[in-house]
Amino acid sequence: MATRPMRIRAKESDGVVDVKVLMAHVMETGQRKDQDGKVVPAWHITNVMAKCNDKEVFSAQWGPAISRDPYLAFSFKGAKKGDKVEITWIDTKKETRTDTAEIK
Amino acid sequence: MLRQLKKKLPGAIAFLLIASATGSGSAIAQSADSTQEGIDDYRQMLSDGGNPGDLLVDTGKELWQEKKGPKNVSLQACDLGLGPGVVKGAYAQMPRFFKDADKVMDVETRILYCMETVQGINPKDITPTVFSKSGEISTDWEAIVAYVASESAGIAMAAPQNHEAEKAAYERGQKIFFHRSGPYDFSCATCHGAADKRIRLQNLPDLLNAKDAQQAYTTWPGYRVSQGVVRTMQWRLQDCFRQQRLPKLKFASQASIDLLTFLAVKAKEGKMAAPGIKR
Amino acid sequence: MKKLHYAMVMASLSLAGAHSFAQPLTGTSDQDVMTVLKESFSPVGDVKLDRLEQSPEQKACSDMAATGQAIPKEVMEKLLKQAMASIKSPADKQFLGDWKAGEKVAQSGVGLQFSDKPGVASGGNCYACHQMTKSEIAFGNIGPSLLHYGKNRGNTAQMLEYTWNKIYNSHAYTACSTMPRFGSAGILTEQQIKDVMALLFDPASPVNKE
Amino acid sequence: MDIRRRNFLQASAVLSFAVMTGVLTLEEAHAAQAQWNKELFDATDNEGVFKALGAGSPEKSDKVKLVAPDIAENGAVVPIALKTDLENVTMMAFLIPENPNTMTGMFNIPEGTEPDIATRVKMAKTSDIFGLVKAGDKYYLAQKEVKVTLGGCGG
């Protein structure tokens, strides 16, 4: 249940919105062993979705090799300053989190 | 040529290309310089993307404001040296002498003291869990310290040297810095007392040099990429001593306060930039 | 400072206090520092508080570094002599072992830390401070590059002995060297030192071949 | 209260707010997850990935620009980016065949979104990274070696 807020930065210039997102997640690979030698089960984000003005502007499928506390950058057209970008992720434990940022 | 490339390319990718351009092509054996350039480029890419340590700052702020302990009060009544409730700029003026405790305290020792005196929590219930263990997420402690440090961002280091106890802490800290002992004969100065040194590929700040000392001190607490958590200065010292083959430095111990006083004064005038991002 | 020291010892006997020093703490003598250190560390397994204590050499080297003043000549000579006397040549007079085992020793940085499993073989961690091969790019620069060590110097009896001594106790040639005394301090075994010697001298070792 | 519990409460609050305003439903998140391509992420080499995608044999293209550092100080976090001049791009991905699983992440590019992405990946050891792009109904590749170094004091 360890979800912490994302940091989303969305900036518009010349009609293109650049989005940079940091998410807090352990992204456990399922390969690592703990101090007692037991394998720590995989626990990672599987899907990321981004919407703006009710339109999906980005989505991704991830495996465990995306780094811990994932970083993502993408850019899209068709939005203006003041519009909102929403990012949602869901992980292998079906935990999910959505955060929103205003385009600046 | 690289500069031109940078100009033509938009957005996030431009500076990244510089890195690949410097070394793309043949697999010539790397000279020490090109290795260093490669590492510098890697670090630049990392810092541009954003520091996951920032994610923890928000959590730390909530924890700072949360009512807790037998007295059910928040840490907002804690005096970090600039008056009760003042967090802004406090980190940059510590360690300092506190009259109520009759003692010089670094930030972490002081927060522990506040949890005890303000919130009524027994420090023994806190100290065993301050640092996250391998594979875990950052602890509440690491979040709180990251928050307090972030509230000094951009503010110049000015750890005071007015009270007799502050001067004495500096003196002892200096002696501890040079104290060689243990089977490896290491002191802090072994790795941090000369310019332009590297261990493996890590640059070792020369903590006797103002510029290096500022750069090093002001970027702790830092997000350790290799561990995926934010680490604090008390952790940094404890882990250095571990690798010096010495016993375990006690959290908030007098030696840690003395050494931190020495380092903070050496970093005088450096602008705080924590949480930083570290290997 | 004697008075203060006494006060601190008395204070440290009290059980309850979170802060066992007489406050405010203003002493700065060497003895005060040692008392502070002993109070500030806890032993873990084999790593006990005696590791904080200094040998006369460690003390002299610390003072020199802190003050920037050179060690007096007669003290220096005594230190060098003592270091040289601590060196043991290999019992079978064979200086060279297996360079492949030596490479492993050179790469490993564990041993004698409180976090290490008891009994784990110590590494030499040579790459932390020295360039040795072309293929390992993650090397430090605290010590000089040892690339092509044997190729450049040859493996005369004299060179073998000098190198052995240097690894065994570098302080025999340079007082207050930053390099650990791998033999004298019991960090590496005789066989491990032979293996590192082979890494440096064997013509087939990547140190000389690359 | 510890971080985990508190943030769970917070997350629930955010979710219920989101559901209330109709911008997101849990069903949507779960539906997206149902699309997660297990065969793709189980693949242990490039061929396996190409097969799972029905990508045939992608051709190398200098129009695909894979950006990664020459040297990574730590294999746990390697910043990478992918960008292309090709038209009608619908998918981009990073492949690291020397990792336990070759596919690291697949990024869908809807119309109006630029074929220009960046993320950070884990690398088990020094190896090649591949950038894969689907443009129209064809797949294209770019390749770059990243050296993963040992860091720190050693223990």
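Which residue is the bridge partner of D:Val133 in E9(D)? The partner is D:Tyr140. The structure is a predicted model, in which local features need pLDDT of at least 70 and side-chain atom pairs count only at pLDDT 80 or more, while totals for chains, interfaces and linings use all residues. Residues are numbered from 1 along each chain as its sequence is written, chains are lettered from A and ligands numbered from 1 in the order in which they are written, and side-chain values use heavy atoms, with hydrogens and water left out. Helices (H or I, at least four residues) and strands (E, at least two) are DSSP runs, numbered from the N terminus. Two strands pair if DSSP finds at least two bridges between them.

**Strand E9 of chain D and its partners**

- Strand E8 (residues 127–135) of chain D is joined to E9(D) by 9 bridges, and these two strands run antiparallel.
- The hairpin of E8(D) and E9(D) has 2 residues between the strands, and in this hairpin D:Gly136 takes a positive phi near 65°.
- Strand E1 (residues 59–60) of chain D runs parallel to strand E9 (residues 138–148) of chain D, and 2 bridges join them.
- In E9(D), D:Tyr140 stands opposite D:Glu59.
- Strand E3 (residues 71–72) of chain D also runs parallel to E9(D), with 2 bridges between them.
- D:Ala72 has D:Val148 as its bridge partner in E9(D).

**Chain A and the sheet it forms with chain D**

- Chain A has 0 helices and 7 strands, and its C-alpha trace spans about 55 × 20 × 20 Å along its principal axes.
- An open sheet of 6 strands, with antiparallel pairing, has the order E1(A)-E2(A)-E5(A)-E7(D)-E4(D)-E2(D).
- At the edges of this sheet are strand E1 (7–13) of chain A and strand E2 (64–67) of chain D, each of which pairs on one side only.
- From one strand to the next, the twist averages 15°; for such angles, axes are lines fitted to C-alpha atoms (for helices over the stretch in contact), and angles run from 0 to 180 degrees between N-to-C directions.
- Strand E5 (residues 71–77) of chain A and strand E7 (residues 116–121) of chain D run antiparallel and are joined by 2 bridges.
- Here A:Leu72 stands opposite D:Thr119 in E7(D).

**Chain B against chain C**

- The contact (heavy atoms within 4.5 Å) takes 45 residues from chain B and 59 residues from chain C.
- The size of an interface is often given as the accessible area lost when the parts come together.
- Buried area is the accessible area (1.4 Å probe) that two parts lose on being put together, summed over both; between chain B and chain C it is about 4,700 Å², of which carbon and sulfur atoms give 59%.
- On the chain B side, B:Arg180, B:Arg200 and B:Pro247 lose the most area to chain C, together 17% of what that side buries.
- There are 3 salt bridges across this interface, each being a side-chain nitrogen of Lys or Arg within 4 Å of a carboxyl oxygen of Asp or Glu.
- B:Asp185 forms a salt bridge with C:Arg181, and the closest N and O atoms are 2.7 Å apart.
- The interface of chain B and chain C also has 30 residue pairs in polar contact (both at pLDDT 80 or more).
- A polar contact is a pair of N or O atoms within 3.5 Å; within protein, one must be able to donate a hydrogen and the other to accept it, and residues adjacent in sequence count only if both atoms are side-chain atoms.
- E7(B) is joined to strand E1 (residues 41–42) of chain C by 2 bridges, and the strands run antiparallel.
- In E1(C), C:Phe41 is the bridge partner of B:Leu249.

**Chain C against chain D**

- Here 8 residues of chain C are in contact with 7 residues of chain D.
- The area buried between chain C and chain D is about 500 Å², and carbon and sulfur atoms give 59% of that area.
- This interface has 0 salt bridges and 1 residue pair in polar contact.

**A sheet within chain B**

- An open sheet of 3 strands in chain B has the order E6-E5-E8, with mixed pairing.
- Strand E6 (229–231) and strand E8 (276–278) of chain B stand at the edges with a single partner strand each, so one side of each is left without a neighbour in the sheet.
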